[in-house]
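The structure comes before the notes.

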Amino acid sequence: MSLIDVRDLERTFVVRRKVDGGRRRVRDEVRAVHDLTFAIEPGEMVGYIGPNGAGKSTTIKMLTGILVPTGGHLRVAGLDPSRDRVALARRIGVVFGQRTTLWWDLPLRDSFELLQKMYRIPPARFRANLERFVELLDLRDQLDTPVRQLSLGQRMRGDITAALLHDPEILYLDEPTIGLDVVSKGRLREFLRALNAERGTTLVLTTHDLQDIEALCDRVLVIDHGTAVFDGPLPALQAQGGSTRTLVVDLVDEAPAIEVPGAVVRRVEGPRQWLSFPAEASAAPIVAAVAASYDVADLSIQEPDIEEVIRDLYSRGGV
């Protein structure tokens, strides 16, 4: 039996709007999610992506029991999320990048101790988990700092610790790296990979950052207009959509357009040049070729955003 089993899931909302200059109100039904079917097995790391308004957050809210589906079949860890919210809460962890589950005015340590009481975590297990996560996420110096005084990266690591103290089988992450610097993103990704490898925790990640998906997920679910339009590995999605990545090259001095196999110069501004190459291709040989033939001051890679991937997918008849 799949850990998460979704079949023909549907959620509609009723929206009332004024017409005839505000003299009359009409009732519209908006289908936020419809005909959504997928299954996730224990230990999988799945990226759940799509443009704004596609239905990602609505789906996560149904998976966690916050919203009741309008129709379809939904089971998480064998439970009906909306009917068994208390039992399910002990088996899942949730992190929302733009919200916090921590107490704003309390030191981080106090938030963790309150969560121990709420989840009724045995003291020995709580101490062992807290010690491990504090060490891995480098939070020891922040334990006695009020949450409101933490940086965004520190607060995010605190939220992830809070979500994992009770050893959940599933961890839902909604934009976990939003606003984080490169170092904080890297540290967080390493931790999540280790968590999955060592504990077998199932991860469901929603994000607009495809680098998060590349670093963590073996599988990608793409949702658009409330239904799944792709389910498979990220390279297959990028190949199907025909998207491109961009290598931004800062040369020491201005030069003619760079010529290397596998990439095409799309733009030149002074010593900076933009080279595009297929999203599914490795950047390593292109970077090596540029570095071997030109005097390079700096290099960076720009990933295609998910809106572009889906737009290309539709334009090429991929869905």
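A residue counts as buried under 20% relative accessible area, as exposed over 50%, and as partly exposed in between (1.4 Å probe, protein chains only). By that rule, 48% of the 319 residues of the protein are buried. The model is predicted: local features need pLDDT of at least 70, side-chain atom pairs count only at pLDDT 80 or more, and totals for chains, interfaces and linings use all residues. Residues are numbered from 1 along each chain as its sequence is written, and side-chain values use heavy atoms, with hydrogens and water left out.

**Overall make-up**
- The protein has 10 helices and 13 strands, taken as DSSP runs (H or I of at least four residues; E of at least two) numbered from the N terminus.
- The C-alpha trace spans about 65 × 60 × 45 Å along its principal axes.
- Of the contacts (heavy atoms within 4.5 Å) between residues at least 6 apart in sequence, 70% join residues at least 24 apart.

**Surface and charge**
- The 40 positive charges (Lys NZ, Arg CZ) and 46 negative charges (Asp CG, Glu CD) have mean positions 10 Å apart; His and the chain ends are not counted.

- A77, not a glycine, has a positive phi of about 55 degrees.
- A77 sits in the loop between β4 (71–76) and α2 (85–89), and is buried at 13% relative accessibility.
- D167, also not a glycine, has a positive phi near 55 degrees.
- D167 lies in the loop between α5 (152–164) and β6 (170–174), and is partly exposed, with a relative accessible area of 30%.
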